[in-house]
Amino acid sequence: TQCTSGCVCPAGLVLDGKGDCIPEEECPCIHNEAMYQPGEKIKVDCNTCVCKDRMWECTNNPCLGTCAVYGDGHYITFDDNRFSFNGNCEYTLVQNHCGKNGTANGTFRVITENIPCGNTGTTCSKSIKVFLESYELILGEEHVSVIKRGQKGQVPFTVRYMGMYLVIETTSGLILMWDKKTSIFIKLSPDYKGHICGLCGNYDGNGINDFTTRSQSVVENVLEFANSWKVSSGCPDADCIKDPCSTNPYRKSWSEKQCSIINSNVFAACHSQVEPGKYYQACVTDACACDTGGDCDCFCTAVAAYAQACSEAGVCIAWRTPSLCPLFCDYYN
């Protein structure tokens, strides 16, 4: 039923915002400022939601938590706390050895080594070690080295390649995805909520207490928190968080222009699902930082991190082109 401005719809009908009167059950649902019609489905984490009677009806499956590390020391914890840290050492990303003194029994630990990739003190995660029970896995660009200690038994992990990612999937509920450059994604079963520690936080659903040090103290200072997770006490503490665009001001305008793709129409479908601002700023920082070659890698990794977040929110963006961060699909397939 058409309704002109200022009129009232007949009983049982409501205005749809476009001048039409519709039954209440045909009203749309709202998610991240976008409207969805009755019967439409969206994916939220690992659950599916259906719009019905102006409400979302969602499945209630337990979802894996995700920690991301990418580019020039950008971290997103399991509880969605974000910080940047540029220490040049080996650091514990996540482990379930988390007693009061840090020595409680555990089954896994993931360590990353930050290696300089620019003149400004920029560091990138390029070396990864995974400890699983009596196994040690050392991840390299060309292959995975496996060191076995102790008795024989069932191998608690599988190694496979999925597109550009090297994927380690364990029987204990940990999945690690690495692009063999600077991006690491760690997924954990919800069984570990509140029972892990490291730079990825404690996965208890509360981002406020993510900065828990190795000695189990909750601190506010990023440097104090991150330095506590050094693997070797012989490494010097990082003493500041650098701004490479201040050091390399001549690269800033180029970086902003390149990274503007994140805020552009290319990713428009994702903007309402994943806020782009922090990913854009991280991209600008990284593009400024990689000043000794590999600057395109740093830029592409930063954009890919946003694309990955969009994908996990159910929005797949085809943003790569033959001239912008191309992938040779025949090779990866």
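# Helix packing, sheets and a disulfide in a predicted model

Helix H3 (residues 252-259) and helix H5 (residues 277-289) pack with their axes 8 Å apart and at an angle of about 135°. Here axes are lines fitted to C-alpha atoms, for helices over the stretch in contact, and angles run from 0 to 180 degrees between N-to-C directions. Helices (H or I, at least four residues) and strands (E, at least two) are DSSP runs, numbered from the N terminus. That angle makes H3 oblique to H5, since angles under 35 degrees count as roughly parallel, over 145 as roughly antiparallel, 65 to 115 as roughly perpendicular and the rest as oblique.

The model is predicted: local features need pLDDT of at least 70, side-chain atom pairs count only at pLDDT 80 or more, and totals for chains, interfaces and linings use all residues. Residues are numbered from 1 along each chain as its sequence is written, and side-chain values use heavy atoms, with hydrogens and water left out.

The crossing of H3 and H5 is right-handed; a crossing is right-handed if the near helix is turned clockwise from the far one by less than a right angle, and left-handed if anticlockwise. On the H3 side, the contact (heavy atoms within 4.5 Å) is made by Lys252, Trp254, Ser255, Glu256 and Cys259. H5 contributes Tyr280, Cys283, Val284, Ala287 and Cys288. These residues divide into 7 nonpolar, 1 polar and 2 charged, where Ala, Val, Leu, Ile, Met, Phe, Trp, Tyr, Cys and Pro count as nonpolar, Asp, Glu, Lys and Arg as charged, and the others, Gly among them, as polar.

## Two open sheets

Strands of a sheet pair through backbone hydrogen bonds, either parallel or antiparallel. Two strands pair if DSSP finds at least two bridges between them.

An open sheet of 3 strands has the order S5-S6-S7, with antiparallel pairing. S5 and strand S7 (55-58) stand at its edges, each with a single partner strand, so one side of each is left without a neighbour in the sheet. From one strand to the next, the twist averages 35°. In the hairpin of S5 and S6, 2 residues lie between the strands, and Asp45 takes a positive phi near 55°.

Another open sheet has 7 strands in the order S10-S9-S8-S19-S18-S17-S16, also paired antiparallel. Its edges are strand S10 (82-84) and strand S16 (157-162), each with a single partner strand, so one side of each is left without a neighbour in the sheet. Neighbouring strands of this sheet are turned by 15° against each other on average, direction ignored. H5 packs on this sheet, touching S8, strand S9 (74-76) and S10, and its direction makes about 155° with that of S9.

| Strand pair | Bridges | A residue pair |
|---|---|---|
| S5 (residues 41-44) and S6 (residues 47-52) | 4 bridges | Lys43 opposite Thr48 |
| S6 and S7 | 4 bridges | Cys51 and Trp56 |
| S8 (residues 65-70) and S19 (residues 184-188) | 5 bridges | Ala68 and Phe185 |

## The disulfide of Cys51

A disulfide is a pair of cysteine sulfur atoms within 2.5 Å, and by this rule the count comes to 10 disulfides. One of them joins Cys29 to Cys51, with S to S 2.1 Å. This link is right-handed, with 85° about the S-S bond. It connects distant parts of the chain, with Cys29 in strand S3 (residues 29-31) and Cys51 in strand S6, 22 residues apart.

Pro28 lies in the loop between strand S2 (21-23) and S3. Pro28 and Cys51 are 23 residues apart in sequence and 7.3 Å apart in space, C-alpha to C-alpha. Not counting residues up to four places away in sequence, Pro28 touches Met35, Tyr36, Gln37, Cys51 and Arg54.
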